[in-house]
Each structure stands twice: as structure tokens, then as C-alpha cells.
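Reader: I am new to this structure and would like a close look at a single part, the sheet. Please also say how the rest is laid out around that part.

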Amino acid sequence: MISRNVGIIGAGRMAAETANYLKAQGVQVSFFADEYGKGQEKDNIPHIDILRIPRDIDLIIAVGDPSLKKKLVALVRKNNNKVRFISCICSEASGKIYLGDDVTIAPGCNLTTDIKVGSHVIINIGCNISHDVEIEDFTYVSPGVNIAGYSKIGKGVMIGVGATVIDRVKIGDNVIIGAGAVVIKDVPSGDTVAGVPARSIK
Ligand SMILES: CC(C)(COP(=O)(O)OP(=O)(O)OC[C@H]1O[C@@H](n2cnc3c(N)ncnc32)[C@H](O)[C@@H]1OP(=O)(O)O)[C@@H](O)C(=O)NCCC(=O)NCCS
């Protein structure tokens, strides 16, 4: 159950999108917070410094880049150990879905069954995630991505817009998958792959 009053970590366009998703669910957005908080309003919502987040507030992250996301979450937790992260699920999911904390599933996604999603994960608009897929913490799934059955996506992975990962593929931690790639075999941690079929471009 989502809370009624939420602060958003991030103040860019993804934050504006997330604010709209939350408003559509009847949630009041209290502020946008980042490292550059200027005390100005954005879309009539205050923009504050991440170090000035009030205690006892529910937060959601709206930052794609996994390494920046990791840094901001650590910063928030260091300064405010009472903070809670909540999720924003805008898509229907038909089967068993196991979610960590702070997961955004944007509109137009299809998730089938027996899917595990870690914490601080964003699955952006129009993605298809098939049965038995696992997506670990801090990963960002760009718009229009397809991930087929049994594939495992590691921590801090960035999957570019429109990419496809075929079934039973293992993607290591901190991998970058280029826009439009078709990943047909396992990718080791830290690699960058692109193209059809996807090959290392590192
Ligand atoms: C894969 C990616 C990260 C590579 O970025 P980069 O490290 O800066 O690499 P470069 O742009 O220098 O490109 C290196 C080579 O890979 C090729 N390449 C880059 N991206 C590619 C892609 N998506 N598909 C195929 N080839 C690609 C380039 O043409 C270049 O080839 P060349 O050496 O023969 O000229 C980036 O191009 C990409 O696709 N990012 C995804 C962005 C995205 O989807 N954002 C969504 C936000 S919501």
C-alpha cells in the first residue's frame, strides 16, 4: 500500500513523470530532492537539497543512472536512518511478482509471473518482462525493453531503450546494454554491449 505523502529523490524529467504517476494514484508529492536543491518550485512542488529531507518521510527514487542512484540512496540513508522507500506500480501484473523497496513500474508494462525485482529498480514505460525473470537492485530498465523468460539481470545494470534480452541469459552486475541491442548470450559483469546480436564495445 502506497503512503499518502511522498518525497521524490531526483528533480529531472523522470522525477516529473514519477510525480504524475503518484498524483494519479492520489498521492501528494511533498518535494523533489537532489544535490542541487535550489529552494525553487518545480511543477508547483518545492525542490530541496537532499541533505534537508525531513525525517520520517516516505521516499521514491526517480533517477535512471544506476551509479548515481546508488550514491543518492547511500547519501539519504547516511543522513536519515528513519527514511522509508516506497514503490509506485502503475501497470497490471497478472501473476506472482516479488518486489523489493522503491520499485517504480511505469505505465504500459506487462509482467507475467514468478518475477523477482530487487530494490531501487525502475522499469520504465512499455516494457515486457516474462516469467521467471530476476532483476537485481539499482537496475534501470529503459522504455520499450523486452526481457524473456528465466533471464537474470544483475545489480546496477542499465538496459538501453528498446533492447531485447532473450530467454535464459545472465547479465552480470554493472553491465550497460546499448539501445536496440538484442542480447543472445551471457554478459560478464562490468561489460558494455550493443548491436544485433549484442557484442562487447568496451
Ligand atoms: C551503448 C552506449 C552506452 C555506448 O555509449 P558510449 O560508450 O558513449 O559509446 P560510443 O557512442 O562512443 O560508441 C562506441 C561504438 O559503439 C557503437 N554504438 C554505440 N551505441 C550503440 C548501439 N546502441 N547500438 C549499436 N552500436 C552502438 C558506436 O557506433 C561506436 O561504434 P564505432 O566505434 O564503430 O564508431 C550508448 O550508445 C547507448 O546505447 N546508451 C543507451 C541510452 C539509452 O537507451 N537511454 C535511455 C534513457 S531513458
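**The sheet and its surroundings**

Author: Asn128 stands opposite Asn146 in strand S16. This is a predicted model. The pair belongs to a place where strand S13, residues 128-129, and strand S16, residues 146-147, run parallel and are joined by two bridges. Both strands are part of an open sheet of five strands, in which the pairing is parallel and the order is S10-S13-S16-S19-S22. At the edges are strand S10 (110-111) and strand S22 (182-183), each of which pairs on one side only.

Next come the domains. The domain assignment divides the protein into domain 1, covering 5-85, and domain 2, covering 87-194. Between the C-alpha centres of domain 1 and domain 2 there are 23 Å. Their contact draws on 13 residues from domain 1 and 14 residues from domain 2. On the side of domain 1 that touches domain 2, at least two residues each come from helix H1 (13-24), strand S5 (58-61) and helix H2 (66-79). Helix H2 gives the largest share of that side, with five residues. Sorted by class, the side of domain 1 that touches domain 2 holds seven nonpolar, three polar and three charged residues.

Notes. Residues are numbered from 1 along each chain as its sequence is written. This is a predicted model: local features need pLDDT of at least 70, side-chain atom pairs count only at pLDDT 80 or more; totals for chains, interfaces and linings use all residues. Domain bounds come from an automatic or database domain assignment. Two residues are in contact if their C-beta atoms, placed from the backbone, lie within 7 Å. Helices (H or I, at least four residues) and strands (E, at least two) are DSSP runs, numbered from the N terminus. Ala, Val, Leu, Ile, Met, Phe, Trp, Tyr, Cys and Pro count as nonpolar, Asp, Glu, Lys and Arg as charged, and the others, Gly among them, as polar. Two strands pair if DSSP finds at least two bridges between them.
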